[in-house]
Every structure is written in C-alpha cells, then in structure tokens.
Amino acid sequence: MLEQMGAAAKAASYKLALLSSREKNRVLEKIAEYLEAQSHEILLANEQDLLEARRNGLSEAMLDRLALNPARLKSIADDVRQVCSLADPVGQVIDGGLLDSGLRIERRRVPLGVIGVIYEARPNVTVDVASLCLKTGNAAILRGGKETWRTNAATVKVIQQALEECGLPAGAVQAVESPDRALVNEMLRMDKYIDMLIPRGGAGLHKLCREQSTIPVITGGIGVCHIFVDDTAEIEPALKIIVNAKTQRPSTCNTVETLLVHQRIADRFLPALSQQMAQSGVTLHADPNALTQLKDGPAKVEAVKAEQYDDEFLSLDLNVKVVADLDDAIAHIRAHGTQHSDAILTRTLSNANRFVNEVDSSAVYVNASTRFTDGGQFGLGAEVAVSTQKLHARGPMGLEALTTYKWIGFGDDTIRA
C-alpha cells in the first residue's frame, strides 16, 4: 500500500512543481470552499473519533487537540485562504552573478518533492500541511494518529476532490488511513519516494524517527517552555503574560511549563501568583523554596517531581522554581529546555540582551508570551511544524522551509579552462 502511495506522490510532485502561483492558489481556494461546503462529513467523522477516544480514556488535553467544531473548521479553511495571499517562494532567485569564466549562475528556490508528516491527535495539521505543501509545489503523504484516522480520511477525501476538480492528481495529498503502527516504521524507510519527514508528536515519536528513518527528519514540536521573572519585573504585567502563556490554550507546544522566579522578588511575587493561578484554575508544582511561599496561598500546590521539569504538562499545571539570578535561570533552561520557546520578563535591558544571546532556543521573547511561536502569528501563514533543530529550518516552518534550491548556470558555449 505505501509503495503505491509513494509512487503516486512522486509522480504528482513532478506535476505540482510546474504549476504557476495562480494555479496553486486556485487549488487552495477550492479546498477552502470544499472544507466549508462539506463540513458535515468531516465533523461527523470527528465525532466518531472523539467518541472512541473518550472510551479509550484519552486526557482532556488530547481530546482538545482532537476536537473539531464548525468554528475551528472555518478557521482552518480561512488559514488555507491566508496561504493563498502569501508570496510563493518557488522560482525566487536567492542570489547569483557573473563569474570570471563568463558563466552566469543563480540559486533558485524549488520544491522539495514529497513531504511525509507523521502526527498525532491534531486534525488541523492535515489541512495545514496540505495547503503549505501545495503552495510550494510539494506532494504530501500524511500519517495521523490512530485517534484521528476517520477525521483525517474525511478531510483528505475533500482535499482530493478539490485537486481533481482542478485537474490535478489525487496522489498530491494522501493519508495513511490504517492505524497500524507498523506502517510508521515502513514509512520511515521510504527514501525512494519521500524527500523530507516531519514528525509532530511526543518525544517517543521523535526519537523513533531520528533513530530509524532513512529520510532526512525535521524534529521539533516538543515544548518544555520557560518564563523567567527577573528581579526588576513588574508584577501585574508579568502575571498577565504568565496567565496567557499557560491558559490561553494549554494543550499546545508553545505553552509555558516552568516558571522561574528571581529570589529577590519571590516573597512579593509568589503570593500574587498564587492568587492569580487560583482564579485561572492552575495547579502549581513548586520547588522547596517556592513551596514555602505558596503553601498558604489559595492556589492548589504540591511539591514538584524532578522529572516534571523535563516534560510537557499540556494542561493547567505549572512548575514554579525560585532561582538565584539570571545565570541560574539560564542554566536551568539549558538543562531542561527543548529549544522551543523561552521568555524573560524584565525592565533591565542588559538582562534582556543576555537572555536573548545566551538562551539557545528557536524563539526567545522579552516581555511577551511564549504563545506567539506559531506560523500564523509570525506572518508565515499556517505552519507545517515548529523545528527545534538548527539545520535547514528553525522555529515555525512556513513556505520557505518547504523548499530547497538548485544552482543554474547560463553560458554562451562556455567551457571550463
């Protein structure tokens, strides 16, 4: 089955690479139109996935990731339309010039070819990936989690109808509908057909892909994100940012998981934090120093476990640790962070500059919520992933991250001396 899908995707990628921006936008507009016109089928499939997920005891955080409703589906369709308005990077000349030999060279952006994406309970990823791949002339093979297979199948069916309506092969966007995990291992070795692989899920999936894939892998999306409140931060603005970073949508990878508080303001800041977190329904997991300040407050609090510093809660839970200074905060982030998104709340420019320069994450913020690490928020349109590695792409991956380049030489019967 996967062999046939790979061959179909590779054949489709050759046709997609020749499309003009106008032709690609026409396909995307048709996809957005069909997603809204056939929303009933997608939402019905999603209800069935949710029903089974609840029976299987999925957490509320995972159920939130999985759930679609008319508003979310409309937002997904609008994201596709937003991609239409973005500049097409394919064909862009990056640089070049005339050589002493008389050869004129240029470096031109081209599609990667076939993108494989393995993801878990996030049905929006199906459309995000498809739209970005089509805009950049790439075919896509999608393997969603077993929790979303009905939703993904219904969504891809709609996308394929739009493709065929525009005279393009359905193989341009395909979904692996079987929940059989053995197919993941098979997909990791399809280097004959797939040019780049993007896993979007937990640490286990990323580890599997790094160790087993024969295809170049872009890893990321695991967000053990931090906020450091230094001793010059203003309490009220800081609390507003923390509430947003923790509660705006707790199940996302750019949600803050650990709060680091400078010891000089701990006795003033932590009681105010307890009040705010109680109102927001957040449970605190505190180190011994923070626990002393928080135990008599209104927020639910318990002693932090060492392993909780290294994992995502994806829920209304927050680690709180008192640190000695900026050096201590940076050391903690280096030890426990995932190079996703980290922030400093400060009124001192030198502290802000040190944090920005010394915290080696794909997105670093000064006096802002970590929740901004998102392709749409960065003006990239719908993102295919957030990369926490350093080669090829880093941070939210938009259109340019789905292209490579080729060198083109123009001569006049030119030969090498």
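**The sheets**

Reply: Gladly! Four strands form an open sheet in the order S5-S4-S3-S6, with parallel pairing. Strands (E, at least two residues) and helices (H or I, at least four residues) are DSSP runs numbered from the N terminus, and two strands pair if DSSP finds at least two bridges between them. This is a predicted model, in which local features need pLDDT of at least 70 and side-chain atom pairs count only at pLDDT 80 or more, while totals for chains, interfaces and linings use all residues. Residues are numbered from 1 along each chain as its sequence is written, and side-chain values use heavy atoms, with hydrogens and water left out.

Me: Which strands stand at the edges of this sheet?

Reply: Those are strand S5 (173–175) and strand S6 (196–200); each has a single partner strand, so one side of each is left without a neighbour in the sheet. From one strand to the next, the twist averages 15°. Strand S4 (residues 139–143) pairs with S5 in the parallel sense over three bridges, and Ile 141 stands opposite Gln 174 in S5.

Me: Which strands does helix H1 touch?

Reply: For contact, look for heavy atoms within 4.5 Å. Helix H1 (residues 2–16) packs on the sheet and touches strand S3 (114–119), S4 and S5. Its direction makes about 145° with that of S4; axes are lines fitted to C-alpha atoms, for helices over the stretch in contact, and angles run from 0 to 180 degrees between N-to-C directions.

Me: What is the strand order in the sheet of seven strands?

Reply: That open sheet runs S10-S9-S11-S8-S7-S12-S13, with parallel pairing. Strand S10 (301–303) and strand S13 (363–366) are at the edges, each with a single partner strand, so one side of each lacks a neighbour in the sheet. Strand S9 (residues 283–286) pairs with S10 over three bridges in the parallel sense, and Leu 284 has Val 301 in S10 as its bridge partner. Helix H13 (residues 326–336) packs on this sheet, touching S7, S8, S11 and S12.

Me: How many bridges join strands S1 and S2?

Reply: Five bridges join strand S1 (residues 93–98) to strand S2 (residues 104–111), and the two run antiparallel.

**The spaces**

Me: How do I read empty space?

Reply: Rolling a probe the size of a water molecule over the atoms shows where empty space is left. On a 1 Å grid over the protein atoms alone, a cavity is a set of points where a 1.4 Å probe fits but cannot get out, and a pocket is an open set with protein on both sides within 12 Å along at least five of seven lines; lining residues have an atom within 4 Å of a point. Grid points are joined across faces, edges and corners, and a volume is the space filled by probe spheres set on the points.

Me: What volume does the largest pocket have?

Reply: The largest pocket has a volume of about 890 Å³. Of its 31 lining residues, the closest to its centre are Asp 79, Asn 124, Arg 249, Arg 371 and Asp 374. H5 gives the most to this lining, with five residues.

Me: How many cavities of 30 Å³ or more does the structure hold?

Reply: There is one cavity of 30 Å³ or more. The largest cavity has a volume of about 40 Å³, and helix H7 (residues 149–165) supplies the largest share of its lining, three residues.
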